[in-house]
Amino acid sequence: MIKESNQSEIKNKNVLLRLDLNVPVFKGKILSDFRILKSIPTIKNLLKNNNKIIILSHFGRPKEGLYDESFSLKIIINNLENLLGEKVTFSKDWVNGVNFNGNNIVLCENVRFQKGEKENLPSLAKQISCLGDVFVFDAFGVSHRKEASTYGISDYLQTFSGDLLKNEVMNANKLLSSEKRPMTTIISGAKISTKLTLIRKLLSKSDNIILGGGILNTFLMAMSHEIGDSLVEKSFIEEAQEILNCADSKKIIMPLDVMVSSDTSLDNPEIRDISMVQSNDKILDIGEKTINRYIKVISESSTIFWNGPLGYVEKSPFDNGTIKISKAIASSGAYSVVGGGDTIPIIEALNLQDKFSCLSTGGGSLLKFIEGEDLPILDKLGMYRI
Ligand code: ADP
Ligand code: MG
C-alpha cells in the first residue's frame, strides 16, 4: 500500500490528509498557529491538482470514545480558513462518511474522540480509510505514534508522504549530518525523562551541551548541589550521574548562577550562585552570569539544536534566560534547528522566526528521530535517517 512518491502526483482524488493541527491553547485562545501555517502549502498543493481533501488531526489528549467540547478541533476553523483563503466544512460525525457541503475541504472532528485511535484498532483504521481514495501523511509531530490515523490507515490505502513531512525529515537529517562545527545542543524544558536519552545521544555528536529547566536541576542535584524545591525528576539522578561520569560530560557547559524564588506566589526573584541555593528556593531560570557564558558558546557555534524553554517562561522575569538565548541563536548565523511545542511560541512572540534555519513542528517526534528510535510510519514510507 506504500508508494514512496511525491504528493504532487495525486490528481482528481478524495485525499485523506493526516495533519498535526494540535495547536497550543490557553484559556480558550490559540497561542500559536504555527502548525496550521506549516500545513497550508500541502493543502494548497493538493487543491491545485483538483483534489478534495478530508483533513484528520488530533487536538490535545481527550478521553477516548467520548466527545468533549474543550477538545473540539472547531477551535481552529477560523484560523485555517483565513490562512488558506478557502471555506472549510467542519464535520463532527465523520467516521461513517463526510459531506463536503459545496466546499473542497472537510475538517474532521478530533480523531482522538474515536475509540481505537490510540491503540491502532484495525477496524477503525479500515473504516476511516473508506473515506478517501488515497492517504497523505503529513503530521511529523505524531510520526512516533502508531495510531489508527498515524499508521493504521496506511494498511488499507495507497499512502504518500506529505510535503511538510519530507521537509522535516530533510532538515533533521541535515542537522544530524552537519559538518559545520562547533555544534551546540541546548536541551531544556520540563520533560526530563524524555530528554535524558537525547542528551546521551547528542553528547557524542555535539561539541557543547547547554542545559536548562528541569533537566539542569536534575544535573545540579546529581552533582550534589542544593536545588531546594525545584522541578526535578529524582528517579533520573543516577542516569544523570552516569552521564556526568563519562568522558564527554566535559562538553556540558556548567552554569554559574540561577534565578530563584522562595515565595509560594513565585514573586521576589533572586539570583543565586549555584552553590548558594537554599532549601526553600525554587530554581526558575538561569542567572545573568550563566546566560552570558551560554551566549558566548552560542555565538561561536556553527550548528545549533535547541529544544525546551530554559526557565519558567509563563511568568516574567523567569523568561529572561530563554528570551536572551533565543536572541543569541537568532544572531549567531549558525545553522539552527529548533523543536518543541513550548519552544516555538517563544520565538514567534519575539518575531524571530525568520532568523532560525528550521523551526520544526515536531516535539517528541523530532527528539525520537534524533535519538534514532523507531518512527513507524516513516519506516513504512521508506524515509530513512542518515
Ligand atoms: P517543549 O514542549 O518545547 O519540548 P517542555 O514541554 O519540555 O518543552 O517544557 C516546557 C515547560 O517547561 C514550560 O511550561 C516551562 O515553564 C517549564 N520549565 C522550564 N524550566 C522550568 C523550571 N526551572 N521550573 C519549572 N518549570 C520550568
Ligand atoms: Mg511541551
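**Helix contacts and buried residues**

Author: In this predicted model, V169, A172, N173, L175 and L176 of helix α4 meet L366, F369 and I370 of helix α11.

Reader: How many residues of the contact of α4 with α11 are nonpolar, polar and charged?

Author: Ala, Val, Leu, Ile and Phe count as nonpolar. The residues in this contact of α4 with α11 therefore divide into seven nonpolar, one polar and no charged.

Reader: Are α4 and α11 oblique or roughly parallel to each other?

Author: The axes of α4 (residues 163-176) and α11 (residues 364-371) come within 10 Å and cross at roughly 45 degrees. Angles under 35 degrees count as roughly parallel, and 65 to 115 as roughly perpendicular. The crossing of α4 and α11 is right-handed. The angle therefore makes α4, relative to α11, oblique.

Reader: What is the orientation of α8 and α9 to each other?

Author: Helix α8 (residues 288-299) packs with helix α9 (residues 320-330) at about 20 degrees, their axes being 10 Å apart. The limit for this class is an angle under 35 degrees. The two helices α8 and α9 are therefore roughly parallel.

Reader: Why do the buried residues of α2 line one face of the helix?

Author: In α2 (residues 77-84), the buried residues are I77, L80, E81 and L84. Seen down the axis of α2, they line one face because they fall within an arc of 95 degrees.

Reader: Which residues are exposed on the other side of α2?

Author: The cover over the buried residues of α2 includes α1 (34-48), β4 (52-56), β5 (89-91) and β6 (105-108). After α2 comes G85, with a positive phi near 70 degrees. On the other side of α2, the exposed residues are N78 and N82.

Reader: Is T343 buried or exposed?

Author: T343 sits in the loop between β15 (335-339) and α10 (344-349). Leaving aside neighbours within four places in sequence, T343 is in contact with W306, N307, G308, P309 and V338. Buried means under 20% relative accessible area. The relative accessibility of T343 is 1%, so T343 counts as buried.

How values were computed:
Residues are numbered from 1 along each chain as its sequence is written. Chains are lettered from A and ligands numbered from 1 in the order in which they are written. This is a predicted model: local features need pLDDT of at least 70, side-chain atom pairs count only at pLDDT 80 or more; totals for chains, interfaces and linings use all residues. Side-chain values use heavy atoms; hydrogens and water are left out. Axes are lines fitted to C-alpha atoms, for helices over the stretch in contact, and angles run from 0 to 180 degrees between N-to-C directions. Helices (H or I, at least four residues) and strands (E, at least two) are DSSP runs, numbered from the N terminus. Angles under 35 degrees count as roughly parallel, over 145 as roughly antiparallel, 65 to 115 as roughly perpendicular and the rest as oblique. Buried means under 20% relative accessible area, exposed over 50%, partly exposed in between (1.4 Å probe, protein chains only). The arc is that of the directions from the helix axis to the C-beta atoms. Contact means heavy atoms within 4.5 Å. A crossing is left-handed if the near helix is turned anticlockwise from the far one by less than a right angle, and right-handed if clockwise.
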